[in-house]
Amino acid sequence: MSGNTLGTLFTVTTFGESHGPAIGCVVDGCPPGLALSEADIQPDLDRRKPGTSRHVTQRKEEDLVEILSGVYEGRTTGTPIALLIRNTDARSKDYAKIASSPRGGGRSSARLTAPAVAAGAIARKWLRERHGVEVRGYLSQLGPQRIAFKSWAHVDENPFFAPDEAVVAALESYMDQLRKSGESCGARLTVVASGVPPGWGEPLYGRLDADIAQAMMGINAVKGVEIGAGFQSVEQLGTQHSDEMTPQGFVSNNAGGILGGISTGQDVVVSIAIKPTSSIRLPRKTVDVAGEAATIETHGRHDPCVGIRATPIAEAFLALVLIDHALRHRAQNADVTEQTPRVPAQAPVGKGKAKTTPMFEDPDPAEA
Ligand SMILES: Cc1cc2nc3c(=O)[nH]c(=O)nc-3n(C[C@H](O)[C@H](O)[C@H](O)COP(=O)(O)O)c2cc1C
């Protein structure tokens, strides 16, 4: 059983189990010279950790990260960076009645997203410093409640990562009711990477969007991934979906910053669908290990909506894919000079109506 490593040039291999002594990861391929200490990583882990509000699991884990290797005198050396997070509040007895999984989810537990978040913090720092790329996410829907984006400033000011403080009271009462009833609900998260230069990604098997989808589907409980307009593209007409370009910039971003598998220079916009938590205390029909009819109720400490804590996780996974592609792009194209002008990510509103030259495209008749 492998499948513990993400990435091609910037690789992250996680280890450990939810109810073992520790979890962690080895990050290999990080460029040398990046200033790095635990203080760069801990804030992201603190945003993900359990027990921070009444709306999430009450398991108490400090998730303190230790850097064991790969950093010398405060800078990465280019050698493997080992990160360790000790488990301090594991309770196997909560799982005692679930015979097939006596130590919680073990490897498949969402606790293993903590090392990925730690690795993601390294990726985010490098992307920010070297390319000015900013990766940020927010809760865009909780159960049936859609949340319109208001401001990034609101996101870290409430336990939901909601981008509009005005909806927080409604989210709180929805969650309180849900918890009382013993139910769980799903969520939608949106992650945006701004400042990604054009050119990252490959046209076929290393498509940037494909790698993002694979990474996002690697997050526990994710059931869907959309890039840009995503499934909404089904209802759009060609003239509604295609993103017009002007010398001043792109006029829209239905593509979500990726065309032909390669970044366009626009914001990379990714949404994920997270399913309702499986572990609920309401009885559900199941079968036992002998195949006999049984009912299951789960009484341990659980997240009634796992999406509430997943925003930092989604940000981390997007950052991990982006740094990997940044390094792959650098490996292949470091000595290639740009021939065509860059189209700015976004045209200023109201611009772009100047005189245009008609061009006729003859689509490749052999594309079959
Ligand atoms: C932050 C986070 C917390 C989670 N907490 C729980 C939980 O308390 N109970 C549960 O049944 N699933 C929880 N999950 C989801 C499970 O880990 C996931 O459903 C399980 O690994 C099976 O994978 P799948 O749903 O992708 O098929 C959580 C997921 C995330 C991202």
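**Close-up views of a predicted model**

**View 1. The ligand is surrounded by 19 residues, the closest of them being A110, N220, S279, H302 and V306.** A residue counts as near a molecule or strand if its C-beta atom, placed from the backbone, lies within 6 Å of it. The shell around the ligand comprises 6 nonpolar, 10 polar and 3 charged residues. In this division Ala, Val, Leu, Ile, Met, Phe, Trp, Tyr, Cys and Pro are nonpolar, Asp, Glu, Lys and Arg are charged, and the others, Gly among them, are polar. The model is predicted: local features need pLDDT of at least 70, side-chain atom pairs count only at pLDDT 80 or more, and totals for chains, interfaces and linings use all residues. Residues are numbered from 1 along each chain as its sequence is written.

**View 2. The largest nonpolar core contains 80 residues.** Such a core is a set of buried Ala, Val, Leu, Ile, Met, Phe, Trp, Tyr and Cys residues joined through C-beta atoms within 7 Å. Those with the most contacts inside this core are A118, F317, L318, L320 and L322. Helix α7 (residues 311-333) supplies the largest share of the core, 11 residues. Helices (H or I, at least four residues) and strands (E, at least two) are DSSP runs, numbered from the N terminus. Leaving aside neighbours within four places in sequence, F317 is in contact (C-beta atoms, placed from the backbone, within 7 Å) with A116, G120, A215, M216 and I219. In soluble globular proteins, nonpolar side chains tend to be buried together.

View 3. Two strands pair if DSSP finds at least two bridges between them. Strands β2 (residues 11-16) and β3 (residues 22-28) are joined antiparallel over 6 bridges, and V12 stands opposite V27 in β3. Axes are lines fitted to C-alpha atoms, for helices over the stretch in contact, and angles run from 0 to 180 degrees between N-to-C directions.

**View 4. Another open sheet of 5 strands has the order β10-β9-β11-β17-β12 and antiparallel pairing.** Its edge strands, β10 (145-146) and β12 (222-227), each pair on one side only. Strand β11 (residues 187-194) runs antiparallel to strand β17 (residues 268-274), and 7 bridges join them. The bridge partner of V192 in β17 is V269. Helix α5 (residues 208-217) packs on this sheet, touching β12 and β17, with its direction at about 155 degrees to that of β12. Helix α7 lies across β9 (134-142), β11 and β17, at about 140 degrees to β9.

**View 5. D63 has a positive phi of about 50 degrees although it is not a glycine.** D63 is placed in the loop between α1 (38-48) and β4. A residue is buried if 20 or more other C-beta atoms lie within 10 Å of its own, exposed if 12 or fewer, and partly exposed in between, with C-beta atoms placed from the backbone. D63 counts as buried because it has 22 C-beta neighbours inside 10 Å.

**View 6. T357 lies in the segment after α7.** T357 counts as exposed because it has 4 C-beta neighbours inside 10 Å.

Conventions:
Two residues are in contact if their C-beta atoms, placed from the backbone, lie within 7 Å.
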